[in-house]
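Please read the points below beside the coordinates, as they are meant to be checked one at a time.

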Amino acid sequence: MMADVTVVTGAGAIGQAIARRVSPGRHVLLADLRRQQADEAAKLLQLAGYETTAVTVDVSDRRSVQALVQTATRLGDVKALIQAAGVSPSQAPVETILKVDLYGTAVLLEEFGKVIAPGGSGIVISSQSGYRMPALTAEQDAQLATAPAEDLLNLPFVREVGDTLHAYQMSKRGNSLRVRGEALRWGERGARINAISPGIIITPLAHDELNGERADFYRDMLSKMPAGRAGTPDEVAALAALIMGPEGGYITGSDLLMDGGATASFFHGPKAGS
């Protein structure tokens with residue numbers, strides 16, 4: 001008997017936390033650029049009672065994503081996609097951020113949108129950062145939402161991105177819009193696709209940011225936000241489980257911001273825009 005399958009791209013803390021919440025009784029396929037991270041995540045989930053497989057994937061390479069799709073469909077019906085792979089402004093140059101976070105997410109949604117099972121659901125982990133960039137035009141929004149993935153990096157306003165923070169913000173704005181554009185095609189298969197835009201969630205990646213070149217910026221953000229603290233992977237997973245499960249059955253093509261009020265503070269706080 002074939003299993004139902006959850007595919008996790010980016011086998012870090014958030015991807016693992018969501019997988020645990022939505023995958024009882026399913027085979028969990030954990031894919032990461034670093035095989036060691038995928039193996040470690042697979043072992044942790046295995047010890048918690050899940051059937052797992054670990055593989056490598058480069059989400060910025062369509063052939064690598066297609067190979068992942070083939071592995072997933074050999075295991076069973078793909079009922080869930082958790083796209084948590086990405087790089088932050090402190091981790092990579094502009095070109096890599098755009099290729100992984102913007103293009104890579106679009107490729108994953110295109111390829112898994114061809115095989116997602118009826119009743120299936122996908123979640124993209126985007127970022128509050130996408131909300132901080134100035135508004136784009138309606139035409140630019142539409143291009144980020146619906147242009148073929150192969151065209152995204154050649155869009156003039158994307159090619160003009162000159163620094164890593166802007167690249168990250170553009171990518172995450174693109175992720176938020178992409179689920180809207182893909183919701184129609186996923187809906188034809190009886191499936192749903194959404195995004196979550198977390199704020200500062202305590203993970204190894206966040207640790208890099210809180211101790212990297214932009215540490216003061218992030219620590220200042222934490223001090224200003226209404227919640228007064230960072231979030232946890234389990235809080236992201238709780239929201240993802242709601243969206244991906246039966247109670248979220250009317251939610252598709254949406255991006256949910258969960259940032260402890262950091263965006264509210266950024267736009268409307270006493271030092272708005274700082």
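The numbered points take up the sheet, a helix pair and a pocket in turn.

1. This is a predicted model, in which local features need pLDDT of at least 70 and side-chain atom pairs count only at pLDDT 80 or more, while totals for chains, interfaces and linings use all residues. Residues are numbered from 1 along each chain as its sequence is written, and side-chain values use heavy atoms, with hydrogens and water left out.

2. An open sheet is formed by 7 strands in the order β3-β2-β1-β4-β5-β6-β7, with parallel pairing; strands are DSSP runs of E with at least two residues, helices are runs of H or I with at least four, both numbered from the N terminus, and two strands pair if DSSP finds at least two bridges between them. The edge strands, each pairing on one side only, are β3 (51–56) and β7 (255–258).

3. Strands β4 (residues 76–83) and β5 (residues 121–125) pair in the parallel sense over 4 bridges, and I82 has I123 in β5 as its bridge partner. Helix α1 (residues 13–22) packs on the sheet and touches β1 (3–9), β2 (27–32), β4 and β5, its direction making about 140° with that of β4; contact means heavy atoms within 4.5 Å, and angles run from 0 to 180 degrees between N-to-C directions of axes fitted to C-alpha atoms, for helices over the stretch in contact.

4. Helix α5 (residues 138–146) packs against α8 at an angle of about 70°, with the axes 7 Å apart, and the two are therefore roughly perpendicular to each other, a term that covers 65 to 115 degrees. In α5, D141, Q143, L144, A145 and T146 meet M170, R173, G174, L177, R178 and G181 in α8.

5. The lining of the largest pocket receives at least two residues from each of α1, β2, α4 (94–112), α8 (164–188), α9 (204–210) and α10 (215–224), and α9 gives the most, with 6 residues. A pocket is an open set of points on a 1 Å grid over the protein atoms alone, where a 1.4 Å probe fits, with protein on both sides within 12 Å along at least five of seven lines, and lining residues have an atom within 4 Å of a point.

Note on methods:
Parallel < 35°, antiparallel > 145°, perpendicular 65-115°, else oblique.
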